[in-house]
Structure formats: structure tokens, C-alpha cells
Amino acid sequence: MYCSNCGNELTGAERVCPSCGTPVVTSPAAQGQPLHTSYEYARTTVANDLVTVTCDCYENLGWELTGSKMSSAGGTTALSFRRSRKIKSKAQLVKIQRTMDDLIDSIAGLEGEKTRKATVRAVSLGIVAALVLGVGMCCTMVWSLMVPGIVVGVVGIVGCVAAWLLYRSTVVSETARVTPRIEAAYDSLATACEEAQTVLTAA
């Protein structure tokens with residue numbers, strides 16, 4: 001290594017040239033550092049309540065989170081990652097990542113099952129109850145059938161309340177049904193993370 005001003009030979013430890021006093025500019029290559037790191041990039045969109053899990057999984061695969069953007073509607077977040085292209089055992093990591101992505105999608109689907117059936121049942125009953133209530137109102141206001149209209153209207157109101165109760169009870173039963181499957185998926189994710197760490201450490 002030589003001084004850029006006077007050409008004096010340097011040991012590499014000097015901050016200024018001992019001959020002319022010119023500051024020594026050390027390049028990254030001279031310091032043993034790479035001039036450029038090449039990255040590969042990945043993006044994925046997950047439900048908001050699965051963001052932390054997804055980030056943990058991807059970090060175990062060697063990815064580094066570079067950004068996240070929450071959707072204004074839909075309850076999802078877009079995550080951006082990068083990883084050095086020089087990472088070894090990439091084929092194994094790609095296979096593990098596919099398994100992780102499938103498990104995360106499975107968990108999201110199971111979480112949706114907790115309320116899907118309940119929503120269908122409650123909406124169906126609610127529509128029927130609303131129609132019955134409407135008939136009751138017509139009886140009292142249009143057809144001058146006061147007593148039958150009141151009875152029919154009360155039935156419609158009871159149906160609306162029953163729809164809400166049906167929703168709650170169905171959510172409870174569906175949650176109990178899918179929770180073991182969700183827990184099993186999380187256990188599989190933990191196993192996949194351990195496998196990814198083993199691959200990275202071995203590499």
C-alpha cells in the first residue's frame with residue numbers, strides 16, 4: 001500500500017502518510033471488506049395477526065425484513081425481505097420456505113373458519129327474521145291487523161336476537177374444533193424453523 005500523494009510505502013496502519021502528511025484513504029477492499037453485497041428479494045402478504053410469526057420464520061431462513069405496509073382494507077400486511085445471494089444450501093432453504101408458507105396460509109384459513117360458518121348462519125337467520133318483522137309491520141300499518149301484526153313483529157325481533165346468539169355459539173364451537181389444528185400447524189412451523197437454522201448453521 002502506497003501514499004496517493006508522494007508514493008511512500010505504508011504499512012496500512014497509518015491514518016496519515018508519515019512522509020508528507022496526506023490522509024490515508026483506505027478502500028473497503030484494502031480493509032478486507034467486500035466492495036458490494038448482492039441481495040435477492042422476496043415479498044409476501046399475510047394477515048395482520050400473522051406478521052410476527054411470518055417475520056420470525058423468514059429470519060430463520062436468512063431473510064432480513066426491509067419493509068412492511070399495512071393494507072387500508074382487508075386486514076393484511078405486505079412484507080418485504082432481502083437475503084444475500086451468497087447464502088449456501090439455498091435449495092434446502094427454498095423447500096423449507098415453501099413448507100412454511102403453506103403452514104402460514106393454513107393457519108390463516110383455519111382462523112377464518114372460526115367465524116365463517118357462524119356468519120353464514122347468523123346472516124341467514126337474520127334475513128328471515130327481518131322479513132318476518134317486515135310482515136308484522138305491514139300487518140299493523142297497511143292491513144290494519146293490529147294484533148296479528150304485533151305477534152308477527154315480536155317473532156321477527158326474537159329472530160334477530162336469536163341470530164346474534166347463534167353467531168356467538170357457533171363461533172365458540174368452531175373455535176374449539178379448529179384450535180387443535182392451528183396448534184399443530186404452529187408446532188410444524190417451529191420444527192421447520194429449527195430445520196432452517198440447522199441448515200444455515202451447517203452452511
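The structure, a predicted model, holds seven salt bridges. A salt bridge is a side-chain nitrogen of Lys or Arg within 4 Å of a carboxyl oxygen of Asp or Glu. Side chains of opposite charge can pair when their charged atoms come close. Because this is a predicted model, local features need pLDDT of at least 70 and side-chain atom pairs count only at pLDDT 80 or more, while totals for chains, interfaces and linings use all residues. Side-chain values use heavy atoms, with hydrogens and water left out, and residues are numbered from 1 along each chain as its sequence is written.

One of the salt bridges joins Glu40 to Arg83, with the closest N and O atoms 3.0 Å apart. Glu40 lies in strand β1 (residues 39-47) and Arg83 in strand β3 (residues 76-84), so this pair ties together parts that are 43 residues apart in sequence. Strands (E, at least two residues) and helices (H or I, at least four) are DSSP runs, numbered from the N terminus. Both Glu40 and Arg83 are buried. Buried means under 20% relative accessible area, exposed means over 50%, and partly exposed lies in between (1.4 Å probe, protein chains only).

Glu111 is partly exposed, with a relative accessible area of 26%. Lys114 is buried, at 18%.

In helix α3 (residues 146-202), Glu174 and Arg177 are also three residues apart, about one turn of the helix. They form a salt bridge whose closest N and O atoms are 2.8 Å apart. Glu174 is buried, at 6% relative accessibility. Arg177, at 40%, is partly exposed. Salt bridges with shared partners join Glu174 and Arg177 to Glu113 and Lys117 in one network.

Aromatic rings were examined next. Rings of Phe, Tyr and Trp (its six-membered ring) pair if their centres lie within 6.5 Å; planes under 30 degrees apart count as stacked, over 60 as edge-to-face and the rest as tilted. By this rule there are three aromatic pairs. In one of them, the ring centres of Tyr39 and Tyr41 are 6.5 Å apart and the planes stand at 55 degrees, so the pair is tilted. Tyr39 is partly exposed, with a relative accessible area of 24%, and Tyr41 is exposed, at 60%. Tyr58 and Trp63 form a tilted pair too, with 6.5 Å from centre to centre and 40 degrees between the planes. Both Tyr58 and Trp63 are buried. Ring pairs link Tyr58 and Trp63 with Phe81 into a cluster.

Tyr39 has a charged neighbour as well. Arg82 lies over the face of Tyr39, at 4.0 Å from the ring centre. A charge sits over a ring if NZ of Lys or CZ of Arg is within 6 Å of the ring centre and within 35 degrees of the ring normal.

The backbone was also considered. Most residues other than glycine have a negative phi. Ser89, in the loop between β3 and α2, has a positive phi near 55 degrees. Ser89 is partly exposed, at 28% relative accessibility. Ser144, in the loop between α2 and α3, has a positive phi near 60 degrees. Ser144 is exposed, with a relative accessible area of 62%.
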